[in-house]
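Here is a short report on a protein model.

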Amino acid sequence: MNIFPDQKTGYDLLHNGAIALSEVEANGLRIDTKYLRKTIVDMDSKIQSLIKDLYQTKLMKKWRKRFGPCTNINSRDQFGKILVEELGVELEETDHGQWKTDVLTVSRLDHPFVKAYLRIGKLQKAVNTYLRGIDSETMNGYLHPGFNLQTVETYRSSSNGPNFQNMPQPSKDFETGSMIRRSFIPRKGRVLLEADYSGVEVCVAACYHKDPAMIKYISDSTKDMHRDMAAQVYGIPIKEVTHELRYFGKNKFIFPQFYGDWYFACAKSLWAAAILDEHKTVKGIPVMRYLKRKGITCLGSLDPRADHPKDTFIGHLKAVEEDFWGRRFQVYGQWKKDWYESYQENGYARTYTGFILKGLMSRNDVINYPVQGSAFHCLLWSLAELVLNELRKAKMKSMIVGQIHDSLMGDVVTDEIEDYKCLLKEVMVDKLIKEFPWIIVPMKVEFDLYPKSWAEKEKE
DNA sequence: AAACAGTGCGCG
DNA sequence: AAAGCGCGCACTGTTT
């Protein structure tokens with residue numbers, strides 16, 4: 001791994017960023033150690049009792065008979081063999097010929113043993129990776145996660161000891177997310193305040209490809225790309241798109257497509273999300289009924305090389321994809337081709353922020369790396385400006401204590417909340433676009449306030 | 001005992 | 001022709 005700032009701007013960004021991040025590391029986050037210790041003890045005994053229950057099941061008895069003293073429920077190898085040989089189910093294989101046993105694969109079996117097994121695994125992950133990870137790195141009630149600028153291929157950052165950038169979220173898994181984030185508390189007389197750049201990768205991508213249709217979506221708050229695409233993929237009127245269908249359009253079509261996914265995989269996951277689950281539209285009509293009206297009757301062949309006619313969902317998605325890149329975002333589509341061709345000719349690509357991307361990269365890599373890197377650099381520049389200059393100039397006691405790619409975690413004095421928000425907006429939006437003249441779309445910052453702990457947002 | 005690859009899972 | 005991108009960490013099973 002090599003880091004190549006090829007312009008002074010790139011060098012300065014890393015230089016100031018490294019100094020600012022070391023200050024962030026030194027600040028650290030306050031940890032509720034009493035809660036943390038108690039939760040670890042409680043969870044350990046809870047997990048023990050769940051394992052005891054698991055051992056009472058028939059399948060577990062077969063497992064012990066098969067593996068004797070070597071029995072180990074953490075062994076994926078054993079788990080897969082038991083499912084296939086004792087339960088008689090079919091599983092896909094991993095790259096190296098083991099039975100695949102990840103959540104997505106085995107939860108399809110819909111079996112009570114598998115459910116109990118996965119729950120134990122989830123709780124073990126929560127305790128062993130996160131709670132213990134936090135506990136073992138906490139000194140005198142403070143945790144100091146590391147933030148690195150020299151580890152990532154795309155010129156993003158990483159975090160370790162522990163990794164502050166992958167703490168579970170209550171909105172994704174309430175039980176473990178709340179349990180873990182509850183450990184992070186503000187200092188006395190303060191709140192945790194997170195500021196994030198909303199949709200920053202989409203914005204930065206637009207600065208590279210300059211597609212007018214995309215810029216319009218970003219600049220006009222009455223337009224909604226995710227809603228429009230949900231309507232198109234499911235063949236329903238725009239007014240019929242529910243909150244959930246919009247979510248599928250965003251996370252199962254638009255983002256995967258931006259990162260280089262293809263219609264076949266998108267079709268399968270869109271189908272599983274809304275059709276197998278019998279989702280309904282705003283008016284309560286099943287989505288499937290709309291598809292039937294368009295003559296689409298089934299998902300289609302699961303062989304990617306088979307023919308996918310227009311009356312299958314996969315065939316339909318193929319046409320949607322062609323329309324997406326060939327008509328709707330034609331300029332973006334052309335940019336992807338040109339950008340990759342330029343890399344093939346020259347052997348490298350340049351980012352707006354003063355770095356060179358070189359070495360062997362796939363087409364998707366070449367297209368994604370500059371966007372991922374430059375998006376993070378918007379945050380990094382703002383962070384350095386705040387830590388090294390602005391917070392000090394404003395004589396604020398509030399401090400920045402962490403960073404997650406597109407968000408800044410602040411430990412903010414209660415009396416300073418409004419000033420802090422104001423200063424962050426000024427730096428993250430106004431000063432940033434002066435510093436980075438290549439930004440040609442509006443930037444937006446959003447705040448989340450956590451008065452008690454990181455687990456509980458204050459309602460706006 | 002330490003190092004390594006493979007697998008899985010948490011986040012943006 | 002290929003077929004989402006980037007990380008860190010825990011754990012198993014094998015090799016040194």
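## Cysteines

The sulfur of cysteine 207 lies 7.1 Å from the closest cysteine sulfur, that of cysteine 203, which is too far for a bond. A disulfide here is a pair of cysteine sulfur atoms within 2.5 Å. Cysteine 207 is buried, at 1% relative accessible area. Buried means under 20% relative accessible area, exposed over 50%, and partly exposed in between (1.4 Å probe, protein chains only).

Cysteine 378 has cysteine 207 as its closest sulfur partner, 7.6 Å away and too far for a bond. Cysteine 378 is also buried, with 0% relative accessibility. The rule counts zero disulfides.

## Basis of the values

This is a predicted model: local features need pLDDT of at least 70, side-chain atom pairs count only at pLDDT 80 or more, and totals for chains, interfaces and linings use all residues. Residues are numbered from 1 along each chain as its sequence is written, chains are lettered from A in the order written, and side-chain values use heavy atoms, without hydrogens and water.

## Domains

Chain A splits into domain 1 (2-6 + 19-31 + 139-202 + 370-450), domain 2 (34-137) and domain 3 (212-328). The bounds come from an automatic or database domain assignment. The centres of domain 1 and domain 3, taken over C-alpha atoms, are 34 Å apart.

## Interface of domains 1 and 3

Five residues of domain 1 contact eight residues of domain 3, with contact meaning heavy atoms within 4.5 Å. The buried area is about 510 Å², and carbon and sulfur atoms give 79% of it. Buried area is the accessible area (1.4 Å probe) that two parts lose on being put together, summed over both. In domain 1, Val202, Val441 and Pro442 lose the most area to domain 3, together 75% of what that side buries.
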